[in-house]
Amino acid sequence: MSLFETWGIGYDVALWPAERLGLRAMRQRLLDGVGGRVLEVGVGTGLNLPLYSADAPVVGIDPAWPMLVRAAQRQRLGQRLVQADVQALPFPDETFDWVVGTLVFCSVPDVVQGLTEVHRVLRPGGRVRLLEHVRGHTRLTRFLTDTLDPLWYGLNGACHLNRDPARLFPEAGLKVVRREAHLGTLVEVIEAVR
Ligand SMILES: C[S@@+](CC[C@H](N)C(=O)[O-])C[C@H]1O[C@@H](n2cnc3c(N)ncnc32)[C@H](O)[C@@H]1O
(Lines give C-alpha, C1' and ligand atoms only; values in the text may rest on other atoms or scores of the structure.)
Protein backbone atom coordinates (compact mmCIF):
# COMPACT_ATOMS: atom_id res chain seq x y z
CA MET A 1 0.00 0.00 0.00
CA SER A 2 1.36 3.44 -0.88
CA LEU A 3 1.66 6.25 1.62
CA PHE A 4 -0.96 8.30 -0.24
CA GLU A 5 -3.63 5.68 0.48
CA THR A 6 -3.26 6.37 4.19
CA TRP A 7 -2.21 10.04 4.26
CA GLY A 8 -4.34 13.14 4.21
CA ILE A 9 -3.48 15.93 6.60
CA GLY A 10 -0.10 14.24 7.32
CA TYR A 11 0.91 15.03 3.73
CA ASP A 12 0.21 18.72 4.28
CA VAL A 13 2.23 18.73 7.50
CA ALA A 14 5.19 17.00 5.78
CA LEU A 15 5.09 19.45 2.87
CA TRP A 16 4.63 22.59 4.97
CA PRO A 17 8.36 23.57 5.13
CA ALA A 18 8.79 23.10 1.35
CA GLU A 19 5.65 25.16 0.69
CA ARG A 20 7.05 27.99 2.81
CA LEU A 21 10.49 27.73 1.18
CA GLY A 22 9.17 28.32 -2.32
CA LEU A 23 6.98 25.44 -3.48
CA ARG A 24 3.82 27.48 -3.09
CA ALA A 25 5.31 30.26 -5.25
CA MET A 26 6.24 27.66 -7.90
CA ARG A 27 2.68 26.32 -7.86
CA GLN A 28 1.35 29.85 -8.32
CA ARG A 29 3.67 30.49 -11.31
CA LEU A 30 2.77 27.11 -12.83
CA LEU A 31 -0.90 28.10 -12.95
CA ASP A 32 -0.23 31.45 -14.60
CA GLY A 33 -2.36 31.63 -17.75
CA VAL A 34 -4.11 28.31 -17.11
CA GLY A 35 -7.83 28.62 -17.81
CA GLY A 36 -10.84 27.21 -19.61
CA ARG A 37 -11.74 23.60 -18.80
CA VAL A 38 -8.94 22.37 -16.54
CA LEU A 39 -8.14 18.85 -15.38
CA GLU A 40 -5.72 18.52 -12.49
CA VAL A 41 -4.31 14.99 -12.26
CA GLY A 42 -3.12 13.68 -8.89
CA VAL A 43 -4.78 16.62 -7.13
CA GLY A 44 -3.73 15.17 -3.75
CA THR A 45 -4.87 17.28 -0.80
CA GLY A 46 -5.80 20.13 -3.13
CA LEU A 47 -2.90 22.48 -2.40
CA ASN A 48 -3.31 24.02 -5.88
CA LEU A 49 -7.09 24.46 -5.69
CA PRO A 50 -7.09 27.92 -4.05
CA LEU A 51 -4.54 29.16 -6.63
CA TYR A 52 -6.70 28.76 -9.78
CA SER A 53 -8.49 31.78 -11.15
CA ALA A 54 -11.96 31.95 -9.64
CA ASP A 55 -13.75 31.32 -12.95
CA ALA A 56 -11.79 28.18 -14.02
CA PRO A 57 -14.00 25.07 -13.83
CA VAL A 58 -11.36 22.71 -12.46
CA VAL A 59 -11.83 18.94 -12.17
CA GLY A 60 -9.32 17.30 -9.82
CA ILE A 61 -8.70 13.56 -9.89
CA ASP A 62 -6.79 11.30 -7.54
CA PRO A 63 -7.06 7.58 -6.72
CA ALA A 64 -6.31 8.07 -2.99
CA TRP A 65 -9.48 8.67 -0.99
CA PRO A 66 -7.81 10.19 2.15
CA MET A 67 -6.08 12.78 -0.06
CA LEU A 68 -9.40 13.68 -1.73
CA VAL A 69 -11.14 14.04 1.66
CA ARG A 70 -8.56 16.67 2.59
CA ALA A 71 -8.82 18.29 -0.88
CA ALA A 72 -12.58 18.68 -0.36
CA GLN A 73 -11.81 21.14 2.45
CA ARG A 74 -10.05 23.39 -0.09
CA GLN A 75 -12.55 22.93 -2.91
CA ARG A 76 -14.17 26.11 -4.21
CA LEU A 77 -17.40 26.69 -6.12
CA GLY A 78 -17.07 25.30 -9.67
CA GLN A 79 -14.33 22.83 -8.71
CA ARG A 80 -15.10 19.10 -8.80
CA LEU A 81 -13.19 16.17 -7.28
CA VAL A 82 -13.32 12.65 -8.74
CA GLN A 83 -11.64 9.48 -7.48
CA ALA A 84 -9.80 8.24 -10.56
CA ASP A 85 -6.47 7.05 -11.95
CA VAL A 86 -4.68 9.10 -14.63
CA GLN A 87 -3.97 5.81 -16.43
CA ALA A 88 -7.73 5.31 -17.07
CA LEU A 89 -9.48 8.68 -17.00
CA PRO A 90 -13.29 8.58 -16.78
CA PHE A 91 -13.82 11.43 -19.28
CA PRO A 92 -14.69 11.52 -22.99
CA ASP A 93 -12.06 12.39 -25.62
CA GLU A 94 -11.16 16.09 -26.02
CA THR A 95 -12.90 17.27 -22.83
CA PHE A 96 -10.26 19.68 -21.48
CA ASP A 97 -8.30 22.77 -22.57
CA TRP A 98 -5.58 22.25 -19.97
CA VAL A 99 -4.17 19.37 -17.92
CA VAL A 100 -2.09 20.30 -14.89
CA GLY A 101 -0.16 18.14 -12.43
CA THR A 102 2.30 18.80 -9.61
CA LEU A 103 4.58 16.08 -8.19
CA VAL A 104 2.45 13.30 -9.67
CA PHE A 105 4.21 11.30 -12.39
CA CYS A 106 6.88 10.18 -9.90
CA SER A 107 4.13 7.91 -8.50
CA VAL A 108 2.19 6.82 -11.59
CA PRO A 109 3.05 3.17 -12.35
CA ASP A 110 2.90 3.50 -16.16
CA VAL A 111 3.89 7.05 -17.12
CA VAL A 112 3.32 6.57 -20.88
CA GLN A 113 -0.18 5.20 -20.25
CA GLY A 114 -0.94 8.18 -17.99
CA LEU A 115 0.33 10.65 -20.60
CA THR A 116 -1.60 8.83 -23.33
CA GLU A 117 -4.78 9.35 -21.33
CA VAL A 118 -3.86 13.02 -20.83
CA HIS A 119 -3.45 13.30 -24.62
CA ARG A 120 -6.84 11.64 -25.20
CA VAL A 121 -8.83 13.98 -22.93
CA LEU A 122 -7.12 17.17 -24.20
CA ARG A 123 -8.69 19.02 -27.12
CA PRO A 124 -6.42 19.43 -30.17
CA GLY A 125 -4.12 22.35 -29.35
CA GLY A 126 -4.77 21.85 -25.63
CA ARG A 127 -1.86 22.10 -23.24
CA VAL A 128 -0.37 20.16 -20.38
CA ARG A 129 1.85 21.73 -17.75
CA LEU A 130 3.58 19.68 -15.06
CA LEU A 131 5.82 20.48 -12.11
CA GLU A 132 7.81 17.33 -11.31
CA HIS A 133 10.81 16.33 -9.28
CA VAL A 134 12.98 14.37 -11.70
CA ARG A 135 16.15 12.39 -12.22
CA GLY A 136 19.08 14.81 -11.90
CA HIS A 137 20.54 16.18 -15.13
CA THR A 138 24.07 16.70 -13.77
CA ARG A 139 26.49 13.90 -12.93
CA LEU A 140 26.14 14.54 -9.18
CA THR A 141 22.35 14.89 -9.03
CA ARG A 142 21.90 11.88 -11.35
CA PHE A 143 24.10 9.81 -9.04
CA LEU A 144 22.15 10.97 -5.98
CA THR A 145 18.67 10.35 -7.43
CA ASP A 146 19.65 6.93 -8.84
CA THR A 147 21.37 5.82 -5.64
CA LEU A 148 18.68 6.98 -3.24
CA ASP A 149 15.70 5.80 -5.30
CA PRO A 150 15.49 2.18 -4.06
CA LEU A 151 15.61 3.29 -0.42
CA TRP A 152 13.10 6.13 -0.97
CA TYR A 153 10.67 3.96 -2.94
CA GLY A 154 11.04 1.18 -0.35
CA LEU A 155 10.03 3.59 2.40
CA ASN A 156 7.00 5.19 0.72
CA GLY A 157 5.81 2.55 -1.76
CA ALA A 158 4.81 5.05 -4.46
CA CYS A 159 7.25 7.81 -5.36
CA HIS A 160 10.38 7.38 -7.52
CA LEU A 161 13.21 9.91 -7.33
CA ASN A 162 14.70 9.21 -10.77
CA ARG A 163 11.91 9.56 -13.31
CA ASP A 164 12.37 11.67 -16.46
CA PRO A 165 8.79 12.17 -17.70
CA ALA A 166 9.59 14.81 -20.35
CA ARG A 167 11.46 12.18 -22.35
CA LEU A 168 8.27 10.08 -22.56
CA PHE A 169 5.87 12.80 -23.81
CA PRO A 170 6.48 12.08 -27.53
CA GLU A 171 5.48 8.43 -27.00
CA ALA A 172 2.07 9.72 -25.91
CA GLY A 173 1.76 12.08 -28.89
CA LEU A 174 2.49 15.23 -26.85
CA LYS A 175 4.95 17.83 -28.14
CA VAL A 176 7.16 19.33 -25.43
CA VAL A 177 7.40 23.10 -25.93
CA ARG A 178 9.11 24.11 -22.68
CA ARG A 179 11.41 22.49 -20.12
CA GLU A 180 12.58 24.61 -17.21
CA ALA A 181 14.98 23.24 -14.60
CA HIS A 182 14.90 24.32 -10.95
CA LEU A 183 16.64 23.35 -7.71
CA GLY A 184 19.88 22.18 -9.30
CA THR A 185 17.96 20.27 -12.03
CA LEU A 186 16.02 18.19 -9.47
CA VAL A 187 12.73 19.89 -10.28
CA GLU A 188 11.37 20.58 -13.73
CA VAL A 189 8.46 22.46 -15.29
CA ILE A 190 7.36 20.67 -18.46
CA GLU A 191 4.86 22.15 -20.88
CA ALA A 192 3.53 20.32 -23.91
CA VAL A 193 0.89 20.77 -26.55
CA ARG A 194 -1.42 18.20 -28.07
C1 LIG B 1 3.30 13.77 -4.02
S2 LIG B 1 1.56 13.72 -4.15
C3 LIG B 1 1.23 15.27 -4.97
C4 LIG B 1 -0.15 15.80 -4.63
C5 LIG B 1 -0.45 17.19 -5.20
N6 LIG B 1 -0.46 17.17 -6.63
C7 LIG B 1 0.54 18.21 -4.70
O8 LIG B 1 1.19 18.88 -5.52
O9 LIG B 1 0.64 18.37 -3.49
C10 LIG B 1 1.28 12.55 -5.46
C11 LIG B 1 -0.20 12.35 -5.74
O12 LIG B 1 -0.32 11.57 -6.94
C13 LIG B 1 -1.38 10.68 -6.73
N14 LIG B 1 -1.27 9.55 -7.65
C15 LIG B 1 -0.50 8.45 -7.52
N16 LIG B 1 -0.73 7.59 -8.52
C17 LIG B 1 -1.66 8.18 -9.32
C18 LIG B 1 -2.32 7.78 -10.50
N19 LIG B 1 -2.07 6.60 -11.07
N20 LIG B 1 -3.24 8.62 -11.04
C21 LIG B 1 -3.48 9.83 -10.47
N22 LIG B 1 -2.89 10.26 -9.33
C23 LIG B 1 -1.99 9.44 -8.76
C24 LIG B 1 -1.25 10.27 -5.27
O25 LIG B 1 -2.43 9.67 -4.77
C26 LIG B 1 -0.93 11.60 -4.63
O27 LIG B 1 -2.08 12.30 -4.24
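T185 is found in the loop between β6 and β7; helices (H or I, at least four residues) and strands (E, at least two) are DSSP runs, numbered from the N terminus. The model is predicted: local features need pLDDT of at least 70, side-chain atom pairs count only at pLDDT 80 or more, and totals for chains, interfaces and linings use all residues. Residues are numbered from 1 along each chain as its sequence is written.

Although T185 is not a glycine, its phi is positive, at about 75°. With 16 C-beta neighbours inside 10 Å, T185 counts as partly exposed. The term rests on C-beta atoms placed from the backbone: a residue is buried if 20 or more others lie within 10 Å of its own, exposed if 12 or fewer, and partly exposed in between. The strands β6 and β7 form a hairpin with 4 residues between them, and L183 in the turn also has a positive phi, of about 50°. These two strands pair in the antiparallel sense over 7 bridges, where pairing requires that DSSP find at least two bridges between two strands.

An open sheet of 7 strands has the order β3-β2-β1-β4-β5-β7-β6, with mixed pairing. Because β3 (80-83) and β6 (175-182) each have a single partner strand, they stand at the edges, and one side of each is left without a neighbour in the sheet. On average, neighbouring strands of this sheet are turned by 15° against each other, direction ignored.

Strand β5 (residues 122-133) and strand β7 (residues 187-193) pair in the antiparallel sense over 7 bridges. Here R129 stands opposite E191 in β7, and V128 stands opposite A192. In a regular strand the side chains alternate between the two faces of the sheet.

Helix α3 (residues 111-121) lies across β1 (38-41), β4 (96-102) and β5, and runs at about 145° to β5. Axes are lines fitted to C-alpha atoms, for helices over the stretch in contact, and angles run from 0 to 180 degrees between N-to-C directions. Residues are in contact if their C-beta atoms, placed from the backbone, lie within 7 Å. A further helix, α2, contains W65. With 13 C-beta neighbours inside 10 Å, W65 counts as partly exposed. W65 and F105 are 40 residues apart in sequence and 18 Å apart in space, C-alpha to C-alpha.

The interior comes next. A nonpolar core is a set of buried Ala, Val, Leu, Ile, Met, Phe, Trp, Tyr and Cys residues joined through C-beta atoms within 7 Å. The largest such core has 41 residues, of which V38, L39, V41, F96, V99, V118 and V128 touch the most other members. Two or more residues of this core come from each of β1, β2, α2, β4, α3, β5 and β7. Leaving aside neighbours within four places in sequence, F96 is in contact with R37, V38, L39, V121, L122, R123 and G126.

Helix α4 (residues 139-156) has another setting. Of its 18 residues, the number buried is 1, so α4 lies largely in the open. At 1.5 Å a residue, these 18 residues should span 26 Å, and the end C-alpha atoms are 25 Å apart, which agrees; the expected span is 1.5 Å times one less than the number of residues. A kink of about 45° lies at D149, shortly before the proline P150, the bend being the angle between axes fitted to the seven residues ending there and the seven starting there. Just after α4, G157 takes a positive phi of about 70°.

Two further loop residues complete the account. S107 lies in the loop between β4 and α3 and is buried, with 23 other C-beta atoms within 10 Å. Not counting residues up to four places away in sequence, S107 touches A158 and C159. S107 and G154 are 47 residues apart in sequence and 13 Å apart in space, C-alpha to C-alpha. E94 lies in the loop between β3 and β4; its phi is near 55°, a positive value in a residue other than glycine. E94 is partly exposed, with 13 other C-beta atoms within 10 Å.

Note on methods: Two residues are in contact if their C-beta atoms, placed from the backbone, lie within 7 Å.
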